[in-house]
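Hi everyone, thanks for making time. I'd like to walk you through one fold today, so let me put it up on the screen.

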Amino acid sequence: MNDAVIVLPGMMGSELVEVSTGRTLWGPTDASWYAGAWTTGGALDTLAVTDAERSGRVGRIRATRLLHTPAWAPLLCGFEPYTELVLALRRAAADPAAVHEFPYDWRLPVDYNAGLLAIAAYEHLRRWRRHPLGGRDARLVLVAHSTGGLVARYFTEVLGDAAELRALVTLGTPFLGAAKALHVLGGAPADPGSRSASRPSAAQLPEARLRRFAATAPGLYDLLPSYRCLDEGSAVRRPTAADVAAVGGDERLAEDALARRERLLGTGSWDTLWPVVGVEQPTVQSLVIRDGVVRPRFVTCASDGDGGIVRADRRGDDTVCRRVAAPAALKPFAVVQTHGALARSREAIGYVCAVLRQEDPAPERAGDVVPLTLDVADSVAAGRTLDIVLDGVADPTAIGVRVVDVATGVALPRALPVARDGRVTIRQILPVEGLFRVLARTGEQAPVSRLVLATDPSAAFDPTDPE
């Protein structure tokens, strides 16, 4: 219990500030900022990684702290703040001073940020060992959400700094990448008639603006999938850097990222890893490339042992597949939750604190855990109807759904659920522009949570327009 703890956020989980002006480029406290940033264009252009930054001349942008308020991006959905996780860890540690937050510039590559982590980790451990409640036997416990787990593992295993590590707890870390990352780089706007309500139509999202930024960011290329997820009908294979280039990505950035992945997977052991995975949410698990466009598929492809392919829906956390969030040899702790809310969920926080206290981190759960699926669009125009679709519970009276305005904390009037074809649908109008949190719960388990952006209906933007 006297270990030093470091918390690492995931992709887009750190506040970024422009050094020359002090302007916050990502993670402002005003949640309504995201509606304008993604619909008017230009506001996010400063975040694009420059040629100078790619060559190592960094410092133009600085990561100042972990997210303290919710954030949002098209396709990547919402990102909850880490406040509750950090507070819980400070209560579980020997002293609040044992817990250190490590914000990093998530636009930049994993190996660069791992080098910064090495400096911060040893400085924090040195200070903590001098603390009255620390001591020479104190070691490191790293708690990492999403991409932060890749940074942490690169620090401990590739840079060879595992000797001081007691435990690495990962929350939804894509050790083999995420198929969604390739879809972000080279996908077409989703079909309005998609089987999944969480795949919004071309009229709803400025996805082209995200792709314009993402194409420059080495950190996003570090999330490219390196498992067999490219479905070619009679065969399934791993995507290559040439595939990334063919759909409009940067081949050199893809080559570098896949090489980092090989180094990451080819070294060290998994003995100190405690993975938490999100499950039961609609998740892009495989991809089809057709006419130079990436199209998402919500099924996992595997060999049937006789030369054929079996396709089955193995839902993850809406971003990361369950199969890539933990090595095959380890049994992860599964939480019914979305990717962006995983580090905020009660079950995940309890698991992390148990690891820190060296208690049994994965006791048998009491009662029934309901595999509740929350399927909802990333965004909707203010004043229009948002369809909230739930799977996993046949009785609509057993489900509680709340929609809360993030800016005010006020819950919207409840809409009536309708059961049809084994699913429950709630049609909710988002009255004003801004961020809303959709919470769905049943039984005693923590609610499944998603952030949805309500856009200005008068902002007539074209997501295919680069301007």
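Okay, start with the sheet: six strands, open, in the order β7-β1-β8-β9-β12-β17, and the pairing is parallel. Keep in mind that this is a predicted model. Which strands stand at the edges? Those are β7, residues 99–101, and β17, residues 333–336. Each has a single partner strand, so one side of each is left without a neighbour in the sheet. On average, neighbouring strands are turned by 15° against each other, if you ignore direction.

Let's zoom in on one pair. Strand β1, residues 4–8, runs parallel to β8, residues 140–145, and five bridges join them.

Helix α4, residues 110–130, lies across β1, β7 and β8, and runs at about 150° to β1. Helix α3 lies across β1, β7 and β8 too, plus β9, which is 165–171, and α3 runs at about 160° to β7.

Stay with α3, because its packing angle with α11 is under 35 degrees, which makes the two roughly parallel. In numbers, α3 is residues 83–92, α11 is residues 346–356, the angle is about 30°, and the axes are 10 Å apart. The crossing is right-handed.

So who makes that contact? From α3 you have E84, L85, A88, L89 and A92, and from α11 there's I349, V352, C353 and L356. By type, that's eight nonpolar, one charged and no polar residues.

Conventions:
Residues numbered from 1 in each chain as written. Predicted model: local features only at pLDDT ≥ 70, side-chain atom pairs only at ≥ 80, totals over all residues. Heavy atoms only, no water. Axes fitted to C-alpha atoms, helices over the stretch in contact; angles between N-to-C directions. Helix = DSSP H or I, 4+ residues; strand = E, 2+ residues; numbered from the N terminus. Parallel < 35°, antiparallel > 145°, perpendicular 65-115°, else oblique. Left-handed = near helix turned anticlockwise from the far one by under 90°. Contact = heavy atoms within 4.5 Å. Nonpolar A, V, L, I, M, F, W, Y, C, P; charged D, E, K, R; others polar. Pairing = 2+ DSSP bridges.
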